[in-house]
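The sequence and the structure are shown first.

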Amino acid sequence: MSTTPDAVVVGSGPNGLAAAIVLARAGLHTVLREGQPTLGGGLRSAELTLPGFVHDVCSAVHPLALSSPFFRSLPLAQFELDWVQPTSPLAHPLDGGTAAVLEQSLDETARGLGEGGRSWVRLHGAFARAWDELSVDVLASPLHIPRHPLLMAWFGVHALLPATLAARRLDGMAARALFAGNAAHSFLPLEAPGTAAFGLLLSVAAHAVGWPIVRGGSQRFADALLGYFRSLGGEVQANAPVTNLDELASARVVMLDLGPHQVARIAGARLPARYRQALERYRYGAAAFKLDWALDGPVPWAAPACARAATVHLAGTLEEVVASEAAHARGEVHERPFVLFVQPTLFDPTRAPVGRHTAWAYCHVPNGCRLDLTERIERQVERFAPGFRDRILARSAITPAQLEERNANLIGGDINGGMMDLRQILRRPVLSPAPYRTPVRGVYLCSASTPPGGGVHGMGGYHAAQLALRDL
């Protein structure tokens with residue numbers, strides 16, 4: 001460091017990068033420290049299988065990035081960030097060679113859903129049309145006064161439902177399955193109250209802004225954020241873990257893009273006992289078991305519509321999604337797990353040699369699960385794409401433990417930054433109108449374990465940094 005910094009941000013995930021940019025834009029000399037040799041947290045890419053095949057290590061598709069009021073305000077195109085919009089945001093194949101398709105157009109989606117089309121528009125239409133206003137409130141702390149109270153109240157009426165109840169209000173098997181797949185991003189049993197919020201948010205975001213990928217891989221998103229941060233005078237240190245909060249005592253502001261358990265460990269006795277115990281009681285949820293493949297050609301989907309989408313949900317009917325998500329809550333893995341599948345090279349050929357393709361997938365497993373789920377995941381892919389295994393040139397499997405090894409915030413392989421049930425959405429990580437502020441003067445939390453939770457949107461870092469600037 002050239003001089004003693006005004007602010008230090010620990011962790012270079014999307015929230016840490018957002019916080020660093022806010023502080024640097026305000027004129028604070030800001031240093032970003034990352035314990036890993038590469039920066040980006042969940043926004044990293046690497047050649048996980050074969051040379052020339054670029055895979056996203058964690059996050060691959062970014063619907064909330066384009067919905068983020070903060071990220072939308074940044075000149076990231078000047079730093080070579082290029083968004084790619086697939087033809088369709090999402091496909092959900094069904095047995096028999098058909099698929100439910102979530103198009104960006106509400107009307108096209110309705111036509112494709114047949115008998116379920118009218119009820120789909122009735123549920124999502126008002127929110128999709130008002131997404132710019134709604135996203136500001138849903139990506140804020142839950143304990144705030146909404147800017148659009150009537151809209152937020154109407155959203156809450158639907159969002160607080162169990163996803164199973166919301167899905168069964170839709171007509172037709174296809175519409176119900178499509179909604180259930182989006183709700184399964186909650187990593188919760190779909191009978192749990194509040195899980196409808198995940199189905200609504202992701203479906204509405206698809207209609208409003210699409211589900212884009214980044215040309216060249218998610219690392220390019222992190223690189224653009226880092227480039228903008230450096231242009232503001234920010235400094236970056238990789239391979240620079242923080243093991244004790246006392247190391248940062250000279251900074252006026254310390255932003256921790258870390259999970260509550262890590263914060264409790266590095267802050268130690270500087271935290272009041274009651275607050276430290278609250279951090280240690282913070283609950284982590286289900287984990288991900290992830291596969292990446294190098295393929296010698298495109299995935300041979302039985303339903304041709306699946307080739308129009310970068311994201312494909314493999315699960316079958318609503319009832320099958322419900323059964324899969326109930327299993328990991330019991331400490332089990334379903335024989336037919338819900339699989340989130342991404343095929344980026346259909347729309348971004350820069351990620352693989354000419355004529356070759358990459359694919360990325362995960363299923364939900366109990367936190368810390370040690371099972372190898374390769375067979376079950378590939379069996380689900382084969383179910384909807386017969387001959388898929390014949391296309392595999394190489395594969396990479398990443399267990400929950402390896403996810404945590406690559407990113408210390410992913411405790412037990414939880415990629416959501418902690419369980420996102422109703423109780424912990426309010427207590428994230430403590431119940432407070434300003435949950436980002438710790439009892440230690442000048443020290444703030446800004447990870448996915450703060451509101452609004454998981455996802456590549458940077459709003460936790462933005463809100464935390466804005467609070468720090470007000471405190472200063």
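## Backbone: positive phi values

The model is predicted. E80 lies in the loop between β4 (55-56) and β5 (83-84). The phi angle of E80 is near 70 degrees, a positive value in a residue that is not glycine.

F187 belongs to the loop between α7 (173-183) and α8 (196-209). With a relative accessible area of 6%, F187 is buried. As background, most residues other than glycine have a negative phi, and most peptide bonds are trans.

## Backbone: cis peptide bonds

The bond from R428 to P429 is cis, with omega near -5 degrees. P429 is placed in the loop between α15 (422-426) and β16 (443-445).

The bond from P451 to P452 is likewise cis, with omega near 5 degrees. P452 lies in the loop between β16 and α16 (459-471).

## The parallel sheet

Five strands form an open sheet in the order β9-β2-β1-β10-β16, with parallel pairing. The edges are held by β9 (235-237) and β16, each with a single partner strand, so one side of each has no neighbour in the sheet. From one strand to the next, the twist averages 20 degrees.

Strand β10 (residues 253-256) runs parallel to β16 and is joined to it by three bridges. In one of these pairings, L256 has L445 of β16 as its bridge partner. Helix α16 packs on the sheet, where it touches β10 and β16, and its direction makes about 160 degrees with that of β16. Helix α1 (residues 14-25) lies across β1 (7-10), β2 (30-33) and β10, and runs at about 170 degrees to β2.

## An enclosed helix

Helix α13 (residues 374-384) is largely enclosed by the rest of the structure, because eight of its 11 residues are buried. The buried residues of α13 are T374, R376, I377, E378, Q380, V381, R383 and F384.

## The surroundings of Q343

Q343 is located in the loop between β13 (339-342) and β14 (357-365). At 3% relative accessibility, Q343 counts as buried. The side chain of Q343 reaches the backbone oxygen of A309 at 2.8 Å.

Leaving aside neighbours within four places in sequence, Q343 is in contact with V299, W301, C306, A307, A309, A310, V312 and T358.

## Cysteines

How many disulfides does the model contain? The count is zero, where a disulfide requires two cysteine sulfur atoms within 2.5 Å. For C369, the closest cysteine sulfur is that of C363, at 8.1 Å, which is too far for a bond. C369 is buried, with a relative accessible area of 13%.

C446 is in no disulfide either, since the nearest cysteine sulfur, in C58, is 17 Å away. At 0% relative accessibility, C446 counts as buried.

Technical notes. Residues are numbered from 1 along each chain as its sequence is written. This is a predicted model: local features need pLDDT of at least 70, side-chain atom pairs count only at pLDDT 80 or more; totals for chains, interfaces and linings use all residues. Side-chain values use heavy atoms; hydrogens and water are left out. Helices (H or I, at least four residues) and strands (E, at least two) are DSSP runs, numbered from the N terminus. Buried means under 20% relative accessible area, exposed over 50%, partly exposed in between (1.4 Å probe, protein chains only). A polar contact is a pair of N or O atoms within 3.5 Å; within protein, one must be able to donate a hydrogen and the other to accept it, and residues adjacent in sequence count only if both atoms are side-chain atoms. Contact means heavy atoms within 4.5 Å. Two strands pair if DSSP finds at least two bridges between them. Axes are lines fitted to C-alpha atoms, for helices over the stretch in contact, and angles run from 0 to 180 degrees between N-to-C directions.
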